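Come along as I look things up one at a time.

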Amino acid sequence: MLRQVAEGVLIQQSEFCQTNTVVVQGQAGVLLIDPGILGYEMAALADDLRELDQPVVAGFSTHPHWDHLLWDARLGAAPRYGTARCAATVRDRRLTDADAKARIAAQFIPPDIAPQVSLDLFGLITGLPAHAAQIPWDGPQVRIIEHQAHAPGHAALWIEERGVLIGGDMISDVLIPLLDLNDTADPIESYLAGLRLLEGVAGDVDVLVPGHGSVGGTDQVHARIDQDRAYVHALRDAHVLSDPRVGPSAKDGWDWVADVHARQLQRLAQRSERDGTSG
Ligand SMILES: [Zn+2]
């Protein structure tokens, strides 16, 4: 079910991890950002768009993780974009190969939703030129804010004329910062740098849409950036964590975030041991 969050900007939220798909209306059709998860949800979205007489004219994946790289044939055959680094990651890791898809299905997709997740059109994205400033399409300008916080080539998107900031997998009210511990030399600093970039536009944001979680208004923007930064600082400085997203205060269905947090702590500790650094 589509819900308008700003003029010409609608979202559909998945049952899976409150994943937000963003629909931006342009001249001749819509831009679809992080198209969705479950087959019946994408089918419903395709139906809604057909009723609105709004074909999909472009797609965009905010980063190269499975839950942001899906597509459904019923959404049509528009070009699907990602940052150059996002597309390179899909290519280098051969994520569209059959054996990679089998691995993703086995390791990452929860069994209860697997029958509703099709990997047929998974990861078929075209990389934009390196450092592309915006998504090429016939609609409101969508600025790309690229950084290496959560995944290679992770992109937040800023639709200035609508006041909408799309955060990718950052600034969520339910999901903690998940650092990219594989691809960055300094995952903590990379994450903090990403948050600084978001902070650069925060003053003009009316609506923020995280990749997972609740849409926030103006009052939420700085609060969520601060909350993410405090989490990363706690990791960096080995402070006791007080974050509402971890532990008993986590929202219903998000209790697993505490395990993800524990695993992240453990991996960071292994990293600093390996690097011979402490703290
Ligand atoms: Zn995600």
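Entry: I am working from a predicted model. I began with the spacing of the zinc ion's donor residues along the sequence, which reads D-H-x100-D-x42-H.

Next I listed the donor atoms: OD of Asp67, NE2 of His68, OD of Asp169 and NE2 of His212. They sit 2.1 to 2.4 Å from the zinc ion. I then checked the angles that the four donor atoms subtend, and they run from 83 to 159°, so the arrangement is irregular. A tetrahedral label would need all angles between 85 and 135 degrees.

**Entry: a hairpin.** I turned to strand E8 (residues 143-147) and strand E9 (residues 154-159), which pair in the antiparallel sense over five bridges. I looked up Ile144 and found that its bridge partner in E9 is Leu157. Six residues lie between E8 and E9 in this hairpin, and Gly153 in the turn has a positive phi of about 65°.

**Entry: aromatic pairs.** How many aromatic pairs does a search of the whole structure find? I got two. In one of them, the ring centres of Phe16 and Trp66 are 5.3 Å apart with planes at 50°, so I noted the pair as tilted. Phe16 is in the loop between strand E2 (9-13) and strand E3 (20-25), while Trp66 is in the loop between E5 and E6, 50 residues apart. Both Phe16 and Trp66 are buried.

Methods. Residues are numbered from 1 along each chain as its sequence is written. This is a predicted model: local features need pLDDT of at least 70, side-chain atom pairs count only at pLDDT 80 or more; totals for chains, interfaces and linings use all residues. Side-chain values use heavy atoms; hydrogens and water are left out. Donors are N, O and S atoms within 2.8 Å of the metal (3.2 Å for Na, K and Ca); water is not among the atoms, so sites may look incomplete. Four donors count as tetrahedral if all angles lie between 85 and 135 degrees; four count as square planar and six as octahedral if opposite donors are over 155 degrees apart and all others between 65 and 115; anything else is irregular. Two strands pair if DSSP finds at least two bridges between them. Helices (H or I, at least four residues) and strands (E, at least two) are DSSP runs, numbered from the N terminus. Rings of Phe, Tyr and Trp (its six-membered ring) pair if their centres lie within 6.5 Å; planes under 30 degrees apart count as stacked, over 60 as edge-to-face and the rest as tilted. Buried means under 20% relative accessible area, exposed over 50%, partly exposed in between (1.4 Å probe, protein chains only).
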